[in-house]
Amino acid sequence: MTSPVTRQAALASFALAIAAPSVQAQTTALNAVIVTATRTPQAARDVVADTLTIGAEEIANAGAGSITELLQRQRGIEVTRNGGPGTNSGVLIRGANGNQVIVLVDGVRIGSATSGTAAWNAIPMEAIDHIEVVYGPLSTLYGADAIGGVIQIFTKKGQGAPSISASVGGGTDNTRAYQAAVSGSSGAVSYALSAAKERSDGFSATKPANSSYNPDDDGYKRENAAGQVAWQLAPGHELGLLFLHSRLDAQFDSGKARADSVQVLDNYAVYSRNKITSEWSMLAQAAQSRDKSGSFTATDSQINTKQTTFNWQNDYRLGDDMLQLLVEHRKEEVEATTTAVSRDRSTTSVAGSYQLNRGPHLLSIGARNDDSSQYGNKATGSLGYGYRLSSALRLNASYGTSFRAPTFNELYYPGFGFDGNKPERGRNGEVGLNFDNGSTALTAAYYHNKLTDLLVNTTPCPKPGFKFGCAYNVNKATLEGLTMSARQRLGSFTLRADADFQDPKDDTTGKSLVRRARRHGNVGVDYEAGPLHTGVEWQVSSYRFDDASNVNRLGGYGLVNLYATWQFSRDWSALVRWNNVADKQYELARNYATAGSTVFAALRYGFH
């Protein structure tokens, strides 16, 4: 019997093939380097995993707003949001929940130990150089929570002669954005420092049917600073310091009373990167991330998470192969006004992987054990194989296991958490192909991710003492889908398209998982002529359900965005971005508003 995913994908496969006709090869992304897929820089052509990179130019052209708006335009990713850019958001990869995705900033894990998700609304786009997305299970590399994938954000580095960049912009809803940065190197020291501020009057986060509705505008103010400093002690030996600070003050709706939130994100890391021999490289890093979330309404709430991590990674080059050995220790600590969740847990991990590169064959094998003070030992493994049919075309197949650790809310929150809850488990198999000859790029991957021991709100609770149900390991789910993308350069034009056909299903009830669309995708055309760079984007999504019973339906939508940049002198440029040109009314969460037609324009200095 033909799978629903396969039937839905047939027409899109044909369309993507038409969008990327064969042309003479050129050199563009063939030399791209990916870090996140193996925890070490590796040529993209040698990476078996399904990956995506969002470059500096695309980030700069995104304008003001939230990083979730940028991610929403990417293959395999959906977002949820309770209002405007300053409100709570979630990022779903291949149908996996937001707490089944790991988020890293320069190798440092961020997120709340109580909710299990990252504070996406507090992450400043101004500090970002590029973003890597690795799809599929990566628990063998990163441990708990890497069921759907890993998103790593890289902040800007300094190199070369000292340079200054700055920008000022404004737009709809009285949005204002300011940014300044300096970077470069002097002798053995390289540096990059930046600061930015963005504020907006916003719009009402809720609709009248929402019980928390308030017609007032819900604005936000985000201030941030970031930096990297590196010191070359000797050839092959580097000491470095990384930091990121971001504070978001935002308003949300909670009935007639005024409601405010404060989200503070702090990341710090020191590292030593050493080339011991020509074949042996070592990285030692100590890092700490803090997620402080305050909500101030009729009753105030404060939840602070601190994660402290120590990594010791050793990479051994054996010809074209690589052996990696890793030891990691992570401690999670929570302080909250709800004192029952003010706990801590520690996890010590050991991992090993081997990357084989022999002629047309690529082989990746890995294993990891996480020993937690709360949930005990958890072992995971992965196996991937790639075969190069030509210098441009490669076939891939992989299998991996993963898990998600229970959040502190699922363990300890009064009347809901049960301290005997176990980690969720995932088993993912996938096959795919990659084609890239420099001007034409095609990717396709079919995946089947079986999840068990899912933690859900269970009523009645199997354990005594819970009047209104509890979090408990009872559910099963299957995340199945086909994800595809195509990119084609034709002279001054670049055509791009991606499509996802998925069936994220609750195996216990047979219903679709909440807020997942069976079909979503993007189409874009970019045009570049001298100093002018312009483009159009079309985002589409089918309907979703806002509840586990599949009663409350969120309609499908299509959004058209336009943007243009003009480099009118060597150092000066202008950006104009117009999102949701047709002023489409749609929802990412039931009875929560989304932005209508918005325009943002900026004057920039030093952006090249």
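**Note on the predicted model**

1. Asn-579 counts as buried, its relative accessibility being 16%, which is under the 20% limit for that class. The model under discussion is a predicted one. Asn-579 belongs to strand S33, which covers residues 572-579. Setting aside neighbours within four places in sequence, Asn-579 is in contact with Val-560 and Asn-561, and also with Gly-596, Ser-597 and Thr-598.

2. On confidence, the average pLDDT of the protein is 92, and 95% of the residues score at least 70. The stretch of residues 9-28 deserves a separate remark, as pLDDT stays under 50 there.

3. The largest nonpolar core comprises 38 residues. Within this core, Ile-67, Trp-120, Ile-131 and Ile-151 touch the most other members. Strand S8 (residues 128-135) provides the largest share of the core, namely four residues. There is also a second, separate core of eleven residues, including Ala-37, Leu-138, Leu-141 and Tyr-142.

4. Which residues does Ile-131 touch, not counting those up to four places away in sequence? On one side of the sequence they are Leu-52, Thr-53, Ile-54, Ile-59, Ile-67 and Leu-70, and on the other Ile-151, Gln-152 and Ile-153. Two of these partners, Ile-67 and Ile-151, are named with Ile-131 among the core residues that touch the most other members.

5. The structure holds 29 salt bridges. In general, side chains of opposite charge can pair when their charged atoms come close. One of the pairs is Arg-73 with Glu-537, whose side chains meet at 3.5 Å, N to O. This pair links distant parts of the chain, 464 residues apart: Arg-73 is in the loop between helix H3 (67-71) and strand S4 (77-81), and Glu-537 is in strand S29 (residues 532-541). Arg-73 counts as buried because its relative accessible area is 11%. Glu-537, at 9%, is buried as well.

6. Arg-94 and Glu-430 form a salt bridge in which the closest N and O atoms are 2.9 Å apart. Arg-94 is located in the loop between strand S5 (89-93) and strand S6 (101-105), and Glu-430 in strand S23 (residues 424-436), so this pair ties together parts that are 336 residues apart in sequence. Both partners, Arg-94 and Glu-430, are buried.

7. Are Glu-333 and Lys-306 buried or partly exposed? Glu-333 counts as partly exposed because its relative accessibility is 24%, and Lys-306 is partly exposed with a relative accessible area of 23%. These two residues form a salt bridge, with 3.6 Å between the closest N and O atoms. Since Glu-333 is in strand S18 (residues 321-336) and Lys-306 is in strand S17 (residues 300-318), the bridge ties together parts that are 27 residues apart in sequence.

8. A network of salt bridges links Arg-39, Glu-328, Arg-368 and Asp-370. One of its members, Arg-368, is also a contact of Thr-380. Thr-380 is placed in strand S21 (residues 376-388) and counts as buried because its relative accessibility is 7%. Apart from neighbours within four places in sequence, the contacts of Thr-380 are Ser-139, Thr-140, Gly-366, Ala-367, Arg-368, Thr-401, Ser-402 and Phe-403.

9. A nonpolar patch lies on the surface, formed by Ile-164, Val-182, Val-189, Leu-193, Val-229, Trp-231, Leu-233, Leu-239, Leu-241 and Val-270. Together these residues have about 800 Å² of accessible area. Strands S12 (189-203), S13 (218-234) and S14 (237-254) each give two or more residues to the patch, and S13 gives the largest share, three residues. Leu-241, one of the patch residues, is in strand S14. Leu-241 counts as partly exposed because its relative accessibility is 40%.

10. Thr-459 is found in the loop between strand S24 (440-458) and strand S25 (470-490). With a relative accessibility of 58%, Thr-459 counts as exposed. Beyond neighbours within four places in sequence, Thr-459 is in contact with Phe-468 and Gly-469. A separation of 44 Å lies between the C-alpha atoms of Thr-459 and Thr-175, which are 284 residues apart along the chain.

Methods
Residues are numbered from 1 along each chain as its sequence is written. This is a predicted model: local features need pLDDT of at least 70, side-chain atom pairs count only at pLDDT 80 or more; totals for chains, interfaces and linings use all residues. Side-chain values use heavy atoms; hydrogens and water are left out. Buried means under 20% relative accessible area, exposed over 50%, partly exposed in between (1.4 Å probe, protein chains only). Contact means heavy atoms within 4.5 Å. Patches are made of residues with over 30% relative accessible area and no salt bridge: like charges are joined within 9 Å, nonpolar side chains (Val, Leu, Ile, Met, Phe, Trp, Tyr) within 5 Å. Accessible areas come from the Shrake-Rupley method with a 1.4 Å probe; for residues, only the protein chains shown count as cover. A salt bridge is a side-chain nitrogen of Lys or Arg within 4 Å of a carboxyl oxygen of Asp or Glu. A nonpolar core is a set of buried Ala, Val, Leu, Ile, Met, Phe, Trp, Tyr and Cys residues joined through side-chain atoms within 4.5 Å. pLDDT is the predictor's confidence in each residue, from 0 to 100.
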